[in-house]
Amino acid sequence: MDELLDQHRDYVLRTVEERGVRLVRLWFTDVLGDLKSFAISPAELENALADGMTFDGSSIDGFSRIQESDVLAVPDPDTFELIPWSEPGAAEARVFCDIRSLDGDPFEGDPRQVLRRTVKAAHDQGFTFYIAPDIEFFYFEPPVKGEQPQPLDQGGYFDLTTRDAAGDLRKETIRKLEQMSIPVEYSFHEDSPSQQEIDLRHTDALTMADSVMTFRLIVKEVAASQGVHATFMPKPLGGVQGSGMHLHMSLFRGDENAFYDGDDPHALSPLAKSFMAGLLVHAAEITAITNQTVNSYKRLVPGFEAPVHISWARNNRSGLIRVPIAKKGNPLATRIEYRSPDPACNPYLAFSLLLAAGMRGIEQGYALPEEADANLFEMDDAALAKLGIAQLPQSLSDALNTMEQSELVHDVLGEHIFEWFLRNKRREWRDYKTHVSQFELDRYLRSV
Amino acid sequence: MASMLAVFADPVAPELARSLDLAGYSWKGVASADEAADSEPAAGWKGAIVDCTTDPEGAWTFARTIRKSDGSQLNVLVLVGGAQVGDLELRDDLFDDFCLWPFHPTEFVARLRHLLWSAGDTPGPRVDLVEYGQLVLNLETYQATIAGRPLDMTYMEYELLKFLAQNPGKVFTREILLSRVWGYEYYGGARTVDVHIRRLRAKLGEEQASLIATVRSVGYRFGQSRWGS
């Protein structure tokens, strides 16, 4: 393994030299899922690859500790890529880093290490976790504080608008994504004005979390270069659909799709059913991570194709988990789609919790409840209660309270991130609660 | 004796040691490429003997590593059991000659002598360009271009493309690609190959993506089929 790592490093160093790379950007992710970066010169790269680079973590969200604040960024040479939008003649490269404490141990505040750990636990049981996300986002005119966001067009689902500025942006975005090893499966104009969707090809979860970070940056970079603002805010416009990040997931045992069973009427193996049961049992506990903003909960409401109820079905878009019908019954394509997450989440933490919840279902042999194929939006609470169908948390505050009780979330995230996240997000909720909204003014100012 | 032979074997079998000693070679057993690098004599290794009979995986990793170490011109003789001859296929780049195990001492020494003679006689650089159509791979600098435009790849993408381009027209299963390119039991399984193929096609661009063809229910082929389809 070490010899392979040496060849990786050698390849990286050689490429930097041959391509005249002037700057290497070391990327990592804070607890809230924001991409962080610092640049080093190529001369320092060899050192960085061998020993990591020390930096002061105290001003990074979720990294701060009472005692020593210095941590190490150790580049993962497998993620080394040239940045396709760097200036001609001054090539730049990026590499994702793992964060370690100065004694070399994985740093407990690093989300990438959380995912590494969770993926490894599944791997120790013989499984590889694959994810393919469908990511939605909006293009707007550059935002002006205090004003409503302005869409670029009034197009709808699959629309090909005549002056399709957004279409050109999407095309350029896909080109840059593919240059950075992120293949795209589909892209189209979504339902809402100026809303886009880009679906990525499946990869293993760690690669995909890195890809989602790169994706968000590329979408914003390409838009900004044309004077357009791209946003992953879950619900930027009232009254129309918000932006989700549906996650298609499967577990492979070697080359076999462990979710597939040709003898089952749904083509789902018992293992897939236990995995889904695990997701359903723990869905409420992990929602604070998959939907981490105050605004996230304005998307999770009835009537906008976002899930509200903790249920599953083959072809019911009001449920939390959908089992898409695989093309030509292809065993490799058998998968489940988890529909609540939004693209403002931290992908490392969200993927970790989804995998851990599913694995918990497998380990404990959870039973999958009945499929809920009726339109749940049209059922009243009593009818839902009779079916044993609960709702997802209704607000960030709800979600945090449920998360706080969760042993699973605590164990997966580790004490450091668990505690910091709850503290940080409680503060966000408090700030929101003190805000008097336009809704309240319109509703009460005159009438009360 | 100007310099020594490195012998990768765990442990060095007594008959191998005896043959080398009787033929007058000085040699040293090494357990890894790192050890070979650390214990390299000032004049450099004269050549390497790699015993694949006890730990084939480790032996091929060793051969691959010394091949890739900077500017290595080291001549490599591999020892394989009768049932392992198939392992030689598609690994031609990793060794210069081979000898069947159990070996005939006279044949083994004759092969070794000839190998070292040819090494001493032809010190020139190896061919280090792979070309196919508009694709050029420089094996020395790891750089690739397509139609004159640089192609930026991750290391594993590069290794995969290199392997395919070195064997044009041939169909490979995912399993073969995994074992020959990744060279060890990579935990993602053969699906890893599909992911990398898709990434390579994306980078080759629309016009060149068809260089890598999917052969239904078999695997992948680089370039034209040898039957012209």
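How many residues of chain B are in contact with how many residues of chain A?

I'm working on a predicted model, where local features need pLDDT of at least 70, side-chain atom pairs count only at pLDDT 80 or more, and totals for chains, interfaces and linings use all residues. Residues are numbered from 1 along each chain as its sequence is written, while chains are lettered from A and ligands numbered from 1 in the order in which they are written.

**Entry: where A meets B**

I got 23 residues of chain B in contact with 25 residues of chain A. Contact here is a pair of C-beta atoms, placed from the backbone, within 7 Å. On the chain B side, helix 3 (56-68), helix 5 (155-166) and helix 7 (191-204) each supply at least two residues. Helix 7 of chain B gives the largest share, six residues. I take helices (H or I, at least four residues) and strands (E, at least two) as DSSP runs, numbered from the N terminus. I sorted the chain B side by class and found nine nonpolar, seven polar and seven charged residues. For the classes, Ala, Val, Leu, Ile, Met, Phe, Trp, Tyr, Cys and Pro are nonpolar, Asp, Glu, Lys and Arg are charged, and the others, Gly among them, are polar.

**Entry: domains**

Chain A has domain 1 (2-99) and domain 2 (117-442), with their C-alpha centres 28 Å apart. Between them, 11 residues of domain 1 of chain A are in contact with 15 residues of domain 2 of chain A. The domain 1 side of that contact has six nonpolar, four polar and one charged residues.

Chain B splits into domain 1 (5-121) and domain 2 (129-222), and 29 Å separate the C-alpha centres of these two. Here five residues of domain 1 of chain B are in contact with four residues of domain 2 of chain B. On the domain 1 side I noted two nonpolar, one polar and two charged residues.

**Entry: chain B overall**

I listed seven helices and 12 strands in chain B. Of its 229 residues, 34% count as buried. My cut-offs use C-beta atoms placed from the backbone: buried is 20 or more others within 10 Å, exposed is 12 or fewer, and partly exposed is in between. Among contacts in chain B with a separation of 6 or more, 56% come from residues 24 or more positions apart.

**Entry: cores**

Next I went after nonpolar cores, that is, sets of buried Ala, Val, Leu, Ile, Met, Phe, Trp, Tyr and Cys residues joined through C-beta atoms within 7 Å. The largest has 96 residues, and those touching the most other members are A205(A), A209(A), M276(A), L279(A), F351(A), L353(A) and L354(A). Apart from it I found another core, of 50 residues, including F55(A), F80(A), C97(A) and L161(B). I also looked up A205(A): beyond four places in sequence, its contacts are L115(A), V119(A), F129(A), I131(A), F351(A) and L355(A).

Of the 21 residues in helix 6 of chain A, 18 are buried.

**Entry: loop residues**

Is A344(A) buried or exposed? I find A344(A) buried, because 21 other C-beta atoms lie within 10 Å. A344(A) sits in the loop between strand 16 (336-338) and helix 8 (347-364) of chain A. Its touching partners, beyond four places in sequence, are F232(A), M233(A), P234(A), Q292(A), T293(A) and S296(A).

N315(A), in the loop between strand 14 (312-313) and strand 15 (321-322) of chain A, is exposed, with 11 other C-beta atoms within 10 Å.

I spotted a cis peptide bond joining W101(B) and P102(B), with omega about 0°. P102(B) lies in the loop between strand 5 (97-101) and helix 4 (105-121) of chain B. E305(A) is not a glycine but has a positive phi of about 60°. I count E305(A) as partly exposed, with 15 C-beta neighbours inside 10 Å.

Terms used
Domains from an automatic or database assignment. Contact = placed C-beta atoms within 7 Å.
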